[in-house]
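Subject: Structure handover

Hello,

Here is the structure I said I would pass on.

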Amino acid sequence: MTLLFLASQAFAQLTAPQETAKVRGLELYNQMKAISALPFLTVAAEAGDMDSQYYLAEALRKNNRYMTPEAEK
């Protein structure tokens with residue numbers, strides 16, 4: 001169990017550019033600029049960051065006004 005926990009923690013660590021993209025994406029999302037946040041959140045979400053994955057899905061859902069298959073994924 002410990003090995004599995006440590007492996008999942010190591011996978012979620014972001015590089016400096018990915019962390020910068022996450023921060024910028026969250027700033028834009030919180031400013032109600034979900035469309036502008038999409039490219040930034042996508043970078044961090046694809047790197048495995050769970051917060052970015054959540055906010056990316058929410059941005060996609062809000063832009064389409066309903067749950068899309070892309071947002072659900």
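This is a predicted model: local features need pLDDT of at least 70, side-chain atom pairs count only at pLDDT 80 or more; totals for chains, interfaces and linings use all residues.

Helix H2

H2 runs over residues 16–30, which makes 15 residues. From its first C-alpha to its last it reaches 21 Å, close to the 21 Å expected at 1.5 Å a residue. Its buried residues are Ala 21, Lys 22, Gly 25, Leu 26, Leu 28 and Tyr 29. Viewed down the axis of H2, these buried residues fall within an arc of 160 degrees, so they line one face of the helix. The face turned away from that buried side carries the exposed residues Ala 16, Thr 20 and Asn 30. Among the elements covering the buried residues of H2 are helix H3 (34–46) and helix H4 (50–64). After H2 comes Met 32, with a positive phi near 65 degrees.

Helix H4

H4 has 15 residues, which should span 21 Å at 1.5 Å a residue; its end C-alpha atoms are 21 Å apart, in agreement. Buried in this helix are Ser 52, Leu 56, Ala 57, Glu 58, Ala 59 and Leu 60. The cover over the buried residues of H4 includes H2, H3 and helix H5 (69–72). Just after H4, Arg 65 also needs a look: its phi is positive, at about 65 degrees.

Aromatic pairs

How many aromatic pairs does a search of the whole structure find? The search finds two. In one of them, the rings of Tyr 29 and Tyr 55 have their centres 5.0 Å apart. Their planes stand at 65 degrees, and over 60 counts as edge-to-face, so this pair is edge-to-face. The pair links distant parts of the chain, with Tyr 29 in helix H2 and Tyr 55 in helix H4, 26 residues apart.

The other pair is Tyr 54 with Tyr 55, again edge-to-face, at 5.1 Å centre to centre and with 85 degrees between the planes. Tyr 29, Tyr 54 and Tyr 55 form one aromatic cluster.

Are these tyrosines buried or exposed? Tyr 29 has a relative accessibility of 10%, and the cut-off for buried is under 20%, so Tyr 29 counts as buried. Tyr 55 is partly exposed, with a relative accessible area of 26%. Tyr 54 is partly exposed too, with a relative accessible area of 48%.

Regards

Conventions:
Residues are numbered from 1 along each chain as its sequence is written. Side-chain values use heavy atoms; hydrogens and water are left out. Helices (H or I, at least four residues) and strands (E, at least two) are DSSP runs, numbered from the N terminus. The expected span of a helix is 1.5 Å times one less than its number of residues. Buried means under 20% relative accessible area, exposed over 50%, partly exposed in between (1.4 Å probe, protein chains only). The arc is that of the directions from the helix axis to the C-beta atoms. Contact means heavy atoms within 4.5 Å. Rings of Phe, Tyr and Trp (its six-membered ring) pair if their centres lie within 6.5 Å; planes under 30 degrees apart count as stacked, over 60 as edge-to-face and the rest as tilted.
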